[in-house]
Amino acid sequence: MATSLSHEVADGLVRGALHGFDTPDRLAALPGDAPLRETLALDSLDFLTFVERLSAAVDLRIEESDYPRLTTIASCVDFLTT
């Protein structure tokens, strides 16, 4: 990433990458600490789709070794902002 993201922008990008996995209202209300896979019933392919969308949104290759850091919206935001 060429520039660092604010927490607010990163949160929006994460929630945007989750588009289609739940309704927009539910995604907007999803607590930052809710486990994404369990809360949204993401299977492995859904999770990979999310990671690919997030990667494209921030123009950053997200390695498989980083996947454990992408468990909640808050952890994704932390990953993107540090």
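1. Asp-11 and Arg-15 both belong to helix 1, where four residues, about one turn of the helix, separate them, helices being DSSP runs of H or I with at least four residues, numbered from the N terminus. Their side chains form a salt bridge at 2.7 Å, N to O, the term requiring a side-chain nitrogen of Lys or Arg within 4 Å of a carboxyl oxygen of Asp or Glu. Asp-11 is partly exposed at 23% relative accessible area, whereas Arg-15, at 17%, counts as buried (buried is under 20%, exposed over 50%, partly exposed in between, with a 1.4 Å probe and protein chains only).

2. The model is predicted, with local features needing pLDDT of at least 70 and side-chain atom pairs pLDDT 80 or more, while totals for chains, interfaces and linings use all residues. Residues are numbered from 1 along each chain as its sequence is written, and side-chain values use heavy atoms, without hydrogens or water.

3. Helix 1 (residues 7-17) packs against helix 5 (residues 73-81) at an angle of about 125 degrees, with the axes 9 Å apart.

4. The whole structure contains four salt bridges, and one of them joins Arg-61 to Glu-63 at 2.9 Å, N to O. Arg-61 is exposed, with a relative accessible area of 65%, while Glu-63 is partly exposed at 34%.

How values were computed:
Axes fitted to C-alpha atoms, helices over the stretch in contact; angles between N-to-C directions. Helix = DSSP H or I, 4+ residues; strand = E, 2+ residues; numbered from the N terminus.
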